[in-house]
Amino acid sequence: MEAKVITIAGLNASGKTLLAERMRRDMKSDSVRYVAFCDTYGTATDRSYYLQQRWNQHDIDSETPTVAAALERSFNLSGSDTTERRQLQAHLYRLMGMEPLLDKYVISLSSGELRKMHLVKTLMAQPKTLILDNPFIGLDAEARTMLTHQLLRLRQEGMTLYLIVARPSEIPDFTDEIIWTTPEATFRDSSHTLSPQPDGLPLLPVSPSVATESQPTQKEKTITSHSTEQNGNETDGETIIEMHDVSVSYGHRRILGPLTWTVRRGERWALSGRNGSGKSTLLSLICADNPQSYACDIALFGKKLGSGESIWDIKRRIGYVSPEMHRSYLRNLPALHIVASGLKDTVGLYARPTAQERQQCQCWMDRFGIGQLASRSFMQLSSGEQRLVLVCRAFVKNPDLLILDEPMHGLDLQRQQLVKRIIEAFCQQTDKTLIMVTHYEEELPRCMTHSIHL
């Protein structure tokens with residue numbers, strides 16, 4: 001069979017992953033490998049993960065694997081140790097840029113770094129066909145470009161690739177065939193026109209003003225920030241976050257800082273940076289999920305961390321969603337209970353919601369267009385539907401500080417616009433503060449007032 005690239009695209013819950021799994025079963029070959037990045041951090045099968053694990057150095061002991069050790073173990077399991085296979089290993093390390101990561105602990109990798117490691121492990125087995133589910137989500141622009149080049153090289157080396165994407169912009173221009181999916185049918189397109197969506201695919205209602213709005217260009221500066229005036233006045237309210245010379249290091253490797261940063265009530269910050277630049281680590285300090293929070297000079301809502309408040313006092317005023325949270329929610333609970341856990345600030349619901357809380361959660365789920373999923377098991381939802389449930393969880397208590405770490409990854413264009421509209425509505429409350437992370441500038445709503453680049 002001639003090597004080719006086939007892209008499976010469609011709306012969330014349109015059956016893309018089910019189609020790919022059916023194809024894999026039909027192929028029935030040891031030379032086929034399937035890698036799903038459905039939770040936007042790591043793979044969809046690591047059930048031992050918990051929310052704070054990435055930052056908890058107490059979990060690191062003599063048994064904790066580095067990237068080099070994990071890949072060497074995979075190498076030994078995937079075949080005999082020969083000169084030819086060692087050459088393949090070196091080739092894959094160069095291809096994926098693994099050398100700078102080899103001494104890092106696996107549990108401390110960023111989403112993009114972990115993705116590269118899993119791809120290398122998969123390619124060690126020298127598959128003839130590779131199926132990648134959501135290969136680009138969680139990657140910065142440079143990493144997406146690099147991965148695209150790597151996929152082209154794999155095809156040139158004789159590998160057939162199936163790519164599952166939710167964004168038309170992620171369809172490579174070297175795609176040989178596109179399969180568009182809906183819950184009712186599939187559409188094949190071999191014309192290479194790469195049209196965004198064929199006639200007949202369902203759309204969510206999107207306001208024309210939202211669909212055509214342009215995003216402001218934001219100039220980024222390394223470990224610095226800038227503000228843009230909004231309505232002629234710059235925000236000068238209560239200090240929500242105050243950091244002075246904050247640094248985070250694990251062993252000899254510095255992950256973040258030194259960073260001095262002040263966020264005031266009513267400001268809306270866009271936080272950007274390459275994979276591994278420390279964005280999620282910075283947010284883990286704010287949410288007190290990182291044990292190093294209390295060793296840093298950080299004040300939240302006017303109180304210095306470690307001055308007597310509990311972690312629950314901090315979380316009570318914060319709504320939060322992140323790739324790490326998505327990865328840790330591998331629980332067979334109804335979707336409404338996942339949303340309700342945001343009222344209790346728990347990962348998993350440990351108290352049954354009251355009738356009033358259920359109604360509150362249902363209203364928010366209706367607003368996000370997922371009200372019909374309230375009684376469905378979270379584990380039975382598509383990755384895009386799961387992401388919407390977790391974003392809804394962040395909003396459900398109308399928090400003072402809303403932290404959205406890659407909230408739209410895995411969402412199709414229509415649902416992205418819906419989430420943007422809800423963020424805009426949230427920010428119409430002048431006393432609310434927002435921090436949002438994204439690798440796609442077009443995802444940023446118009447209400448952003450400041451930006452910081454790591």
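Helix α10 (residues 335–344) is mostly covered, since eight of its 10 residues are buried, where buried means under 20% relative accessible area, exposed means over 50% and partly exposed lies in between, computed with a 1.4 Å probe on protein chains only. Helices here are DSSP runs of H or I with at least four residues, strands are runs of E with at least two, and both are numbered from the N terminus. The buried residues of α10 are Ala335, Leu336, His337, Ile338, Val339, Ala340, Ser341 and Gly342, and what covers them includes α11 (355–367) and α12, with contact meaning heavy atoms within 4.5 Å. Just after α10, Asp345 takes a positive phi of about 60°.

The model is a predicted one, in which local features need pLDDT of at least 70 and side-chain atom pairs count only at pLDDT 80 or more, whereas totals for chains, interfaces and linings use all residues. Residues are numbered from 1 along each chain as its sequence is written, and side-chain values use heavy atoms, with hydrogens and water left out.

For the chain as a whole, there are 13 helices and 16 strands, and 57% of the 454 residues count as buried. Among contacts between residues at least 6 apart in sequence, 72% join residues at least 24 apart.

Two packed helices are described by the angle between their axes and the distance between the axes. Axes are lines fitted to C-alpha atoms, for helices over the stretch in contact, and angles run from 0 to 180 degrees between N-to-C directions. Helix α12 (residues 383–395), which is among the elements covering α10, packs with helix α13 (residues 413–427) at an angle of about 0°, with the axes 12 Å apart. The two helices α12 and α13 are therefore roughly parallel to each other, in a scheme where angles under 35 degrees count as roughly parallel, over 145 as roughly antiparallel, 65 to 115 as roughly perpendicular and the rest as oblique. On the α12 side the contact is made by Leu388, Val391 and Phe395, and on the α13 side by Arg415, Val419, Ile422, Ile423 and Phe426. By class, this contact of α12 with α13 has seven nonpolar residues, no polar ones and one charged residue, given that Ala, Val, Leu, Ile, Met, Phe, Trp, Tyr, Cys and Pro count as nonpolar, Asp, Glu, Lys and Arg as charged, and the others, Gly among them, as polar.

Helix α1 (residues 16–27) has 12 residues and reaches 17 Å from its first C-alpha to its last, close to the 16 Å expected at 1.5 Å a residue, where the expected span is 1.5 Å times one less than the number of residues. Its buried residues are Lys16, Leu19, Ala20 and Met23, and they cover an arc of only 100° around the axis, which puts them on the same side of α1; the arc is that of the directions from the helix axis to the C-beta atoms. The face of α1 turned away from this buried side carries the exposed residues Leu18 and Arg25.

Several backbone details sit around and beyond this helix. Ala13, in the loop between β1 (5–10) and α1, has a positive phi of about 65° although it is not a glycine, and Ala13 is partly exposed at a relative accessible area of 35%. Just after α1, Lys28 takes a positive phi of about 45°. Gln126, in the loop between α4 (111–124) and β3 (129–133), likewise has a positive phi, of about 50°, and at 46% relative accessibility Gln126 counts as partly exposed. The peptide bond from Gly257 to Pro258 is cis, with omega near 5°, and Pro258 lies in strand β9 (residues 253–264).

Two buried residues complete the tour. Phe301, in the loop between β11 (298–300) and β12 (303–304), is buried with a relative accessible area of 12%. Leaving aside residues up to four places away in sequence, Phe301 touches Glu238, Thr239, Ile240, Ile314, Arg317, Ile318, Asp400 and Leu401. Pro323, in helix α9 (residues 323–328), counts as buried at 2% relative accessibility, and its C-alpha atom is separated by 9.8 Å from that of Leu404, 81 residues apart along the chain.
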